[in-house]
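Subject: Structure handover

Hello,

Here is the structure I promised to pass on. Please open it first, then read my notes below.

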Amino acid sequence: MHSAPARSWVEISRSQLAANFRAVRDLVGPEVTIMPVVKADAYRHGAVEVARVLASEGARWLAVSNVEEAVTLRAAGIRARILVMADFLPAARTAFFEYQLTPVLHSLEDLRTLNQLAARRGQPMAYHLKIDTGMGRLGTRAHAEEICAAVLSAPAIQLEGLMTHFASVTDFGSSQTERQIQAFERIRQALQAGGLRPPWVHMASTGAIAYGRRDTWQNMVRPGHAIYGYVSPARGPAPPCLLQVKPALIWKASVLAVKQVEEGALIGYGGMFRAPQPMRIAVLAVGYADGLPHRLSNRGQVIIQNRRTRILGAVSMDLTTVDATEFPHLQPGDPVTLLGPASDGWLDAQEIARLAGTISYSVLCGISSRVKRLYVP
Ligand SMILES: *Cc1c(COP(=O)(O)O)cnc(C)c1O
């Protein structure tokens with residue numbers, strides 16, 4: 001076996017990222033522009049590298065959460081349009097002009113502020129306006145007529161996009177998405193009646209794409225999770241998932257030590273696990289400081305030589321102990337897979353999330369900066 005390149009590392013497949021992007025493109029068709037979401041360092045896949053792959057696949061737009069993320073992309077030479085979805089704090093505002101970023105505005109007050117700023121600088125600025133159609137998070141809850149009036153009284157800036165975000169898009173037992181779509185449509189029509197036709201209209205994240213809510217695709221979609229190879233399972237009477245994507249990230253850790261313990265031995269903090277018979281254990285150089293959820297203590301699995309085995313006792317900050325009884329040849333320096341393929345199928349972020357009582361997004365975003373990142377073709 002090759003010796004491991006680090007204590008813990010992820011291997012990110014460029015070709016799988018590209019294949020996932022193409023799978024979205026093939027599903028939505030050429031009329032719909034894809035704006036991949038690379039916030040949170042591309043769900044920890046590395047925003048710069050991911051942006052480069054997507055740009056080479058033809059992505060013209062990217063979405064991030066905040067200005068700092070956008071500036072990182074610009075500093076790396078990324079020239080795509082960048083939509084900043086959740087940052088219009090006072091300290092961030094001049095960066096929109098300096099780095100050619102596109103803000104999402106969330107209130108009519110934001111509109112007045114940006115209009116003044118653009119007028120003062122004599123610099124045009126396009127923006128996307130987010131409507132809170134019922135998610136109850138960011139976005140304006142103003143009435144259609146007020147929105148229309150506010151847009152018209154901000155002549156120094158240009159309404160380039162109209163957007164909303166869904167709260168329950170994969171829940172087909174709920175009517176919340178339909179109500180959100182209707183609320184959005186009312187506002188779009190009011191703007192249109194006022195002579196405003198923003199060139200981009202977008203609502204759909206991964207769930208709305210994958211489960212074929214075609215009325216939400218409009219002319220732009222915002223997939224995040226799908227780009228990284230995930231579609232969350234749907235609830236209720238859901239139509240089939242139309243999108244075939246695969247995880248682009250595999251997470252591994254090195255074996256630090258292997259040893260034999262006697263029957264009755266206690267393993268790790270709190271003596272959470274007691275060996276029911278003599279066992280061989282392996283201690284891995286990974287813990288919750290690397291993002292392995294503490295909730296996997298005594299219940300998670302890892303993959304050794306293509307087969308699953310159990311996590312024994314508590315996941316600690318830097319170390320995790322696993323059952324190596326069935327792997328007599330395992331030795332220090334060998335790689336163990338925390339997230340990746342096994343002979344009986346993938347151990348993916350979805351499965352880890354289920355065991356840890358969280359969501360797959362949080363598992364991916366939780367992989368810490370201490371984990372080395374390697375890119376593979
Ligand atoms: C994160 C985010 C997305 C992407 O969501 P996925 O479920 O990862 O596809 C799209 N739009 C907004 C506003 C977001 O915050």
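**What I found**

Gln100 sits in the loop that runs between helix H5 (93–98) and strand E5 (102–105). Keep in mind that this is a predicted model. Gln100 has a positive phi of about 50°, although it is not a glycine. Is Gln100 buried or exposed? Its relative accessible area is 57%, and the cut-off for exposed is over 50%, so Gln100 is exposed.

Asp41 also has a positive phi without being a glycine, with a value near 55°. Asp41 belongs to helix H2 (residues 39–43). Its relative accessible area is 24%, so Asp41 is classed as partly exposed.

**The whole chain**

Now step back. The protein chain has twelve helices and 19 strands. Its C-alpha atoms fill a box of roughly 80 × 45 × 40 Å along the principal axes. The chain has 377 residues, and 56% of them are buried.

Sequence distance matters when you read the contacts. Take the contacts with a separation of 6 or more: 68% of them join residues 24 or more positions apart.

The chain exposes about 16,400 Å². Carbon and sulfur atoms supply 50% of that area. There are 40 positive and 30 negative charges, and their mean positions are 2 Å apart.

**The ligand**

Which residues come nearest to the ligand? There are 14 residues around it, and the nearest are Lys39, Tyr43, Thr206, His225 and Tyr361.

Three of these side chains are worth a look:

- Lys39: a side-chain N or O atom is 2.7 Å from an oxygen atom of the ligand.
- Tyr43: a polar side-chain atom lies 2.5 Å from a ligand oxygen.
- Thr206: a side-chain N or O atom is 2.6 Å from a ligand oxygen.

On its own, the ligand has 390 Å² of accessible area, and the protein covers 91% of it.

**Helix H11**

Six of its eight residues are buried, so the helix is largely enclosed by the rest of the structure. The buried ones are Ala349, Gln350, Glu351, Ile352, Ala353 and Ala356.

What covers them? The cover includes helix H10 (225–228) and H12. It also includes strands E14 (301–304), E15 (307–312), E17 (335–342) and E18 (345–347).

Asp348 caps the N-terminal end, with a side-chain oxygen 3.1 Å from the backbone nitrogen of Gln350. Just after H11, Gly357 takes a positive phi of about 65°.

**Two serines**

Ser232 lies in the loop between H10 and strand E10 (249–261). Its relative accessibility is 17%, and buried means under 20%, so Ser232 counts as buried. Leave out residues up to four places away in sequence, and Ser232 touches Thr170, Tyr211, His225, Gln350, Ser360 and Tyr361. His225 and Tyr361 were listed above among the residues nearest the ligand. Ser232 and Ile359 are 127 residues apart along the chain, yet their C-alpha atoms are separated by 8.8 Å.

Ser368 is in the loop between helix H12 (360–365) and strand E19 (372–376). Ser368 has 15% relative accessibility and so counts as buried. Beyond its neighbours within four places in sequence, Ser368 is in contact with Arg44, Ala289, Asp290 and Gly291. With Ala289, the side chain of Ser368 reaches the backbone oxygen at 2.8 Å. Ser368 and Gln350 are 18 residues apart along the chain, and their C-alpha atoms are separated by 18 Å.

**A buried glutamate**

Last, find Glu160 in strand E7 (residues 157–163). Is Glu160 buried or exposed? Its relative accessible area is 8%, so Glu160 is buried. Its side chain makes a polar contact with the side chain of His128, at 3.3 Å.

His128 is one of several residues that Glu160 touches, not counting those up to four places away in sequence.

Best wishes

Terms used. Residues numbered from 1 in each chain as written. Predicted model: local features only at pLDDT ≥ 70, side-chain atom pairs only at ≥ 80, totals over all residues. Heavy atoms only, no water. Helix = DSSP H or I, 4+ residues; strand = E, 2+ residues; numbered from the N terminus. Buried < 20%, exposed > 50% of the residue type's maximum accessible area, 1.4 Å probe, protein only. Contact = heavy atoms within 4.5 Å. Areas by Shrake-Rupley, 256 points an atom, 1.4 Å probe, with all protein chains shown as cover. Lys, Arg positive; Asp, Glu negative; His and termini not counted. Charge placed at Lys NZ, Arg CZ, Asp CG, Glu CD. Near = heavy atom within 4 Å. Polar contact = N/O pair within 3.5 Å; in protein donor to acceptor, adjacent residues only side chain to side chain.
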